[in-house]
Amino acid sequence: MDAKLEALKDLASLSRDVTFAQEFINLDGISLLTQMVESGTERYQKLQKIMKPCFGDMLSFTLTAFVELMDHGIVSWDTFSVAFIKKIASFVNKSAIDISILQRSLAILESMVLNSHDLYQKVAQEITIGQLIPHLQGSDQEIQTYTIAVINALFLKAPDERRQVDVESNVDILDCPLTEMANILAQKQLRSIILTHVIRAQRAINNEMAHQLYVLQVLTFNLLEDRMMTKMDPQDQAQRDIIFELRRIAFDAESEPNNSSGSMEKRKSMYTRDYKKLGFINHVNPAMDFTQTPPGMLALDNMLYFAKHHQDAYIRIVLENSSREDKHECPFGRSSIELTKMLCEILKVGELPSETCNDFHPMFFTHDRSFEEFFCICIQLLNKTWKEMRATSEDFNKVMQVVKEQVMRALTTKPSSLDQFKSKLQNLSYTEILKIRQSERMNQEDFQSRPILELKEKIQPEILELIKQQRLNRLVEGTCFRKLNARRRQDKFWYCRLSPNHKVLHYGDLEESPQGEVPHDSLQDKLPVADIKAVVTGKDCPHMKEKGALKQNKEVLELAFSILYDSNCQLNFIAPDKHEYCIWTDGLNALLGKDMMSDLTRNDLDTLLSMEIKLRLLDLENIQIPDAPPPIPKEPSNYDFVYDCN
């Protein structure tokens with residue numbers, strides 16, 4: 001058993017190497033590992049009482065080796081048996097299991113779901129929400145991360161008909177199979193557990209957990225895509241009844257005409273008047289306002305939610321605007337439609353989650369109907385901003401731009417609740433937005449007079465050299481890059497840094513994300529800068545051409561770059577964010593003697609040039625700088641005034 005344990009330990013370590021993995025797989029090593037998991041577990045369990053640590057370690061190393069080998073993408077996931085899936089699922093379902101075994105088992109289940117439709121069905125039938133909840137309630141953040149990753153994977157691969165959410169349902173989800181996606185993200189029970197034990201736990205959220213919460217957030221909002229892309233059918237009576245309900249709630253106090261001769265004409269006239277007060281563009285048939293997608297029927301859903309759940313605010317807004325002059329009224333119907341469209345753009349409803357983004361908002365996990373509540377807060381903000389701007393119908397687009405800026409600025413503060421978000425918006429009035437804009441304009445003031453332009457041209461090379469040195473210094477510090485592939489986001493890292501003499505790039509794999517710089521001598525591989533032939537980015541990168549799934553992800557494509565060297569050799573990168581992408585592409589181009597063309601360089605150049613010019617012009621404060629240099633005086637009639645040194 002000791003010899004076998006050591007062999008499995010070595011196998012888990014060596015399996016990271018693609019050459020070893022290829023050879024091991026060619027010798028049918030994957031089949032051996034799956035057989036050990038399927039049939040060997042029972043035999044190990046008999047020894048568990050006398051060799052408990054050894055049993056846990058053996059199984060952990062076996063699963064680790066399996067995960068590492070499969071991550072190379074050499075073997076198809078469709079080749080595995082139901083017995084193997086059941087065995088892996090059994091490890092997840094056990095209440096007391098070694099942490100490392102549970103971790104590897106969850107990672108295997110995630111990969112199975114993401115890489116095979118058939119395996120998705122089998123895995124989803126084996127796992128229930130009730131079996132995953134204890135892992136979310138635990139204190140180990142890594143286990144929580146892997147658990148949410150499994151839920152995300154199952155949700156991402158679920159058929160459309162199983163993604164339809166009934167948030168009013170009170171069905172207990174503890175025994176609900178994960179095939180029933182309608183009861184996963186919408187239920188208060190699961191959302192509350194994630195909020196309490198993950199988001200509000202007394203510990204910092206690491207990057208991988210933040211990414212999984214972001215994915216969960218995106219997938220939740222993507223449930224709205226179907227309604228967002230559904231046009232209203234003007235002939236559908238059920239849909240028309242929603243518009244009637246909006247009118248009824250707003251104008252319920254007004255008397256209905258009696259059903260006597262001529263009452264139909266009166267009713268039509270009254271409805272047309274009321275629909276105008278509600279702010280619809282088409283007063284006669286407001287159903288036509290909802291035929292544009294996006295936002296489609298989602299806008300009408302939001303309006304009805306606001307009218308029913310925030311009735312006082314809804315009635316106040318409608319009546320308040322209907323009593324104003326026509327040109328000063330804020331049209332509730334039109335505003336709601338455009339606002340819904342804008343919020344969908346901000347939250348990127350309908351887009352696949354990025355492989356690199358960690359931008360989740362805690363407040364969206366605090367309410368079962370977070371998007372609708374988000375809309376309710378923003379529609380009241382829009383009405384308030386309209387009044388502050390004293391806007392007319394011609395100013396509609398300007399108001400929408402201001403509201404978008406208010407919402408975006410409030411979201412950047414990452415409010416922990418919807419109430420806190422509302423409070424942030426209270427401090428971002430139209431007056432405050434104008435002050436912020438004015439301040440930003442002053443800080444980015446661009447002097448266009450000829451002397452200033454000439455001064456800029458003179459000092460620009462000096463600034464560019466400063467930026468170049470900063471980029472090279474950052475490359476010397478190095479960066480930790482995450483390994484990504486077409487199947488799933490991996491918790492594997494590698495590090496790359498430039499030598500202090502700027503002649504060699506050192507790089508190598510890491511066990512985990514480093515806390516600081518990684519020394520040169522700990523990085524196994526190196527690439528002389530003199531051997532670099534070119535630096536390519538985006539779709540021109542070899543690893544973007546090879547991996548179709550990554551190629552389709554726009555955000556990953558924008559972070560990809562490759563170093564080409566020797567004959568058909570390359571070093572492939574996916575930057576952790578746009579800032580690091582700009583740093584590295586600028587630094588590598590500087591090493592090759594090429595121009596630094598990134599957006600970051602342009603911004604840095606503008607900022608540093610502006611600061612340098614302002615410093616040089618301090619002594620000229622309140623002095624008018626002429627647009628053209630003063631004329632050169634005529635030559636003197638003689639030069640007798642010249643001092644004779646003799």
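Helices (H or I, at least four residues) and strands (E, at least two) are DSSP runs, numbered from the N terminus. The model is predicted, so that local features need pLDDT of at least 70 and side-chain atom pairs count only at pLDDT 80 or more, while totals for chains, interfaces and linings use all residues. Residues are numbered from 1 along each chain as its sequence is written, and side-chain values use heavy atoms, with hydrogens and water left out.

**Exercise 1.** Locate L106 and state which residues L106 is in contact with, leaving aside its neighbours within four places in sequence.

*Solution.* L106 belongs to helix α6 (residues 99–115). With a relative accessibility of 0%, L106 counts as buried, where buried means under 20% relative accessible area, exposed over 50% and partly exposed in between (1.4 Å probe, protein chains only). Its contacts beyond those neighbours are V92, L132, I143, Y146, T147 and V150, a contact being heavy atoms within 4.5 Å.

**Exercise 2.** Classify the ring pair of F481 and F573, and say which strands hold the two residues.

*Solution.* Rings of Phe, Tyr and Trp (its six-membered ring) pair if their centres lie within 6.5 Å, and planes under 30 degrees apart count as stacked, over 60 as edge-to-face and the rest as tilted. The whole structure holds 28 aromatic pairs. For F481 and F573 the centres are 5.1 Å apart and the planes stand at 75°, so the pair is edge-to-face. Because F481 lies in strand β1 (residues 479–484) and F573 in strand β7 (residues 569–574), the pair ties together parts that are 92 residues apart in sequence. F481 is buried at 0% relative accessible area, and F573 is likewise buried at 0%.
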